[in-house]
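Subject: Structure handover and notes

Dear colleague,

I am passing on the structure below, together with my notes on what was found in it. Please read the notes with the model open beside you.

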Amino acid sequence: SATMSETPWNLEGFTPTVGLPLEICDPDSIWSPARLASVVKDEDGQIIVTIRYDGWGTEWDEELTWYRNPRLARMYTYTKCVKCFGQIFPKSNRKPSKNELKALPSGANPGYCFLWPCRVHLRMPDPKNPERGKEVLSEEEKILVHPYATQLLPAGTSLLDNRLWINKRRVRVWQDNPEILGVLPRKFKEAFKIASSDKTVFGFLPMTSLFAKGTLLVPEHLVQCVGGDSISGFMYRGDFRIKKTAEPLSTTLPSLELEKTDDTEGHVVHLNELDTLTELNPKPMPFQPAPILPTPIPLLDPLFPDSGVRPCKKSKNFVASISLGGSDLFLGIFPTQSMAYMAERIALGTEEEDFVSSSVVDARFKDMEAVTVESAMYALEKNDSATDNIISTQNWGMQKLREKAFKEEQINASSRLMEWKHEKIEGYKRKQGRKRKSTPPKRLISTSSGDMATNGEA
């Protein structure tokens, strides 16, 4: 359609290989996570890929052309993927034993925990045609979760390609201290350790209201720009914009903890204040440097076919020789074809000797000038990975800007965090000072009779 044809393609430089994660815009104008299931070339040499939607069976696979297809985008251009806890086990009425309850920390949920560390994938309506996508997402109640360490899950856990669809009410915000969730499932701590060390997922499920209706996100979390929105100056992160918490801050140092009640579970959750203020200390993202030049395509034809210049079999050098009286005279080994050719011309007396003292760089430029259009086209046609040799100046420039923004954001975030810590410590000191003034220490005074008494007794 005309709408989709205007969508930019940001998969420049990506080689289509089986298993490559990406996003696809389905017929309902919804961007969903997917992977490449197969890659083939048709009779015309055009690359045809089979797209498999994450969480869906093979009957929903689609075959599409790869190059500049507006329905395809790099992962996290539109969709969101953050860490959370998902209730992937059925609840039971069984109660923990006294020993299990005794091992729980203070304020923990006095029951069994049926949660598991997960990544939740949230689909997004296409910004170019959002109405249809919003309508469909508003009618859906299930979201896709990808549990960590699926090999540690109990036998019989129903998964499709290590993923499953659960009701949106069965996801919980991430906790840095899972002990407060209750008696944890077997192997939970191992899975939690793996999830905590995952550096490919940058964000966490927000504690604020997330869904407007169904699985449609609230407007502040919807991607508005064609080609994706930047989060704190970064692209393709898959996380959310997090606002500063409005909860009252505790004065306890140095842990600086605040309490937030989770209405869905009915127990108190202790959160570290530094983790909630993600705008002050955003999760670091390794910036993606600008793409390097594509792999050179070797020229298959010699630049001087009528000469005695031949390539060496075990190196990148070239050999020059001339025929005199029926025998070949070896002239030497040279780093470029032009140098070897000029040595031959000089030996035959048909060229001046000034080029012999030129640098290798100049000689390589001579090689480039000697390449014919026919030789270049023939080498390009014989090259099996022509898509690897595509470089976009626009993509290179945008990634350089993102690299600069990344470095500036890291400096600014560190400064904001230090200022915030200084303000909290100063505020704590001022409050402690007011407490000391309002309750002066007791001191002894002398009475007229010579006895000693305290302030109140005097």
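This is a predicted model: local features need pLDDT of at least 70, side-chain atom pairs count only at pLDDT 80 or more; totals for chains, interfaces and linings use all residues.

Residues are numbered from 1 along each chain as its sequence is written, and side-chain values use heavy atoms, with hydrogens and water left out.

Strand pairing around E2

Strand E2 (residues 30-41) is joined to strand E3 (residues 47-53) by seven bridges, and the two run antiparallel; strands are taken to pair if DSSP finds at least two bridges between them. The hairpin of E2 and E3 has five residues between the strands, and Gly-45 there takes a positive phi near 80°. Strand E1 (residues 21-25) also runs antiparallel to E2, with five bridges joining them, and the hairpin that E1 and E2 form has four residues between its strands, with Ser-29 in the turn showing a positive phi of about 60°. Within this pairing, Cys-25 has Trp-31 of E2 as its bridge partner. E2 pairs with E8 as well, in the antiparallel sense and over two bridges, and there the bridge partner of Ile-30 is Pro-125 in E8.

Asp-126 is placed in the loop between strand E8 (124-125) and helix H3 (130-138). Its relative accessible area is 0%, so Asp-126 is buried (buried means under 20% relative accessible area, exposed over 50%, and partly exposed in between, with a 1.4 Å probe and protein chains only). The side chain of Asp-126 makes a polar contact with the side chain of Trp-31 at 3.0 Å, where a polar contact is a pair of N or O atoms within 3.5 Å, of which, within protein, one must be able to donate a hydrogen and the other to accept it, and residues adjacent in sequence count only if both atoms are side-chain atoms. Asp-126 and Trp-31 are 95 residues apart along the chain, yet their C-alpha atoms are separated by 6.2 Å.

Asp-229, in the loop between strand E14 (216-217) and strand E15 (257-262), is buried too, with a relative accessible area of 14%. Its side chain reaches the backbone nitrogen of Cys-225 at 3.0 Å, and a polar atom of the Asp-229 side chain lies 2.9 Å from the backbone nitrogen of Gln-224.

Salt bridges

How many salt bridges does a search of the whole structure find? The search finds 15, a salt bridge being a side-chain nitrogen of Lys or Arg within 4 Å of a carboxyl oxygen of Asp or Glu. One of them joins the side chains of Glu-140 and Arg-123 (2.5 Å, N to O). Glu-140 lies in the loop between H3 and strand E9 (142-147) and Arg-123 in the loop between strand E7 (116-122) and E8, so this pair ties together parts that are 17 residues apart in sequence. Glu-140 counts as partly exposed at 23% relative accessibility, whereas Arg-123, at 12%, counts as buried.

A salt bridge also forms between Asp-239 and Arg-237 (3.0 Å, N to O); Asp-239 is buried at 6% relative accessibility, and Arg-237 is buried at 4%.

Cysteines

The structure holds zero disulfides, a disulfide being a pair of cysteine sulfur atoms within 2.5 Å. Cys-25 counts as buried at 3% relative accessibility, and Cys-312 counts as buried at 18%.

Leu-348

Leu-348 is found in the loop between helix H6 (337-347) and helix H7 (360-370) and is partly exposed, with a relative accessible area of 40%.
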